Amino acid sequence: MNPAGEAQARKSELRARLLRARRGLSAQQRLAASEALVTTVLDLPPLATARVVAAYVSMGTEPGTRELIEALRNSGTRVLLPVLLPDNDLDWAVYQGPDALERTSRGLLEPTGEHLGPATVTQAQAVLLPGLAVDGHGVRLGRGGGSYDRVLARLEEARAHPVLAVVLYAHEVVDAVPREPHDHLVDAAVTPDGVLRFLH
């Protein structure tokens with residue numbers, strides 16, 4: 001197997017293991033994690049002071065972000081949420097509260113407001129990213145759909161440098177994540193136990 005194929009196989013194996021672990025969490029553990037994330041995020045200075053934060057609405061067993069995005073909005077932050085396009089790229093709209101979210105045919109909760117265009121993410125001072133793991137070098141493991149790879153490439157092309165923070169459970173900070181050429185490093189991991197910053 002070539003190096004690229006080997007990295008993909010190792011990522012798939014790691015994804016499967018981490019998704020199994022998430023499914024094993026109780027509803028009480030997930031609720032406690034989501035409540036702790038609010039405090040954790042507001043303790044991270046770049047997020048606490050950002051005028052614009054790009055975030056996302058958690059789904060299923062992901063660490064809960066709904067209380068978090070509501071806390072950011074209540075603090076006066078303009079929160080951008082993604083809208084999944086047919087080609088798996090992301091458009092963005094402003095979060096206007098829980099009543100302004102609707103479930104899509106793909107099962108996602110998305111904002112109902114005006115779509116502002118994929119480049120809108122470049123206005124953010126901080127971007128909260130979904131993921132399954134991160135290692136000590138800031139290599140993030142996503143779900144493999146590629147939507148956030150496009151977002152990170154768009155930020156790089158625009159020479160925008162928001163703080164990139166992946167939202168995880170504490171046990172998902174791992175020793176090593178296989179890295180491929182298109183993988184962008186993140187600056188921090190936000191977990192219910194605290195924030196880890198990466199130097200790179």
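Predicted model: local features only at pLDDT ≥ 70, side-chain atom pairs only at ≥ 80, totals over all residues.

Residues are numbered from 1 along each chain as its sequence is written, and side-chain values use heavy atoms, with hydrogens and water left out.

**Exercise 1.** Work out the order of the strands in the open sheet and find its edge strands.

*Solution.* Start with the terms: helices (H or I, at least four residues) and strands (E, at least two) are DSSP runs, numbered from the N terminus. Two strands pair if DSSP finds at least two bridges between them. Now read across: the seven strands go 3-2-1-6-9-11-12, with mixed pairing. Strand 3 (90–94) and strand 12 (194–197) each pair on one side only, and these are the edges.

**Exercise 2.** Describe how strand 2 meets strand 3.

*Solution.* Strand 2 covers residues 78–84 and runs antiparallel to strand 3, with five bridges joining them.

**Exercise 3.** Locate Glu70 and list what it touches.

*Solution.* First, Glu70 belongs to helix 4. Next, leaving out residues up to four places away in sequence, Glu70 is in contact (heavy atoms within 4.5 Å) with Tyr95, Gly97 and Pro98. Finally, zoom out: helix 4 (residues 66–74) packs on the sheet, where it touches strand 1 (52–54), strand 2 and strand 6 (126–129).

Definitions and conventions:
Axes fitted to C-alpha atoms, helices over the stretch in contact; angles between N-to-C directions.
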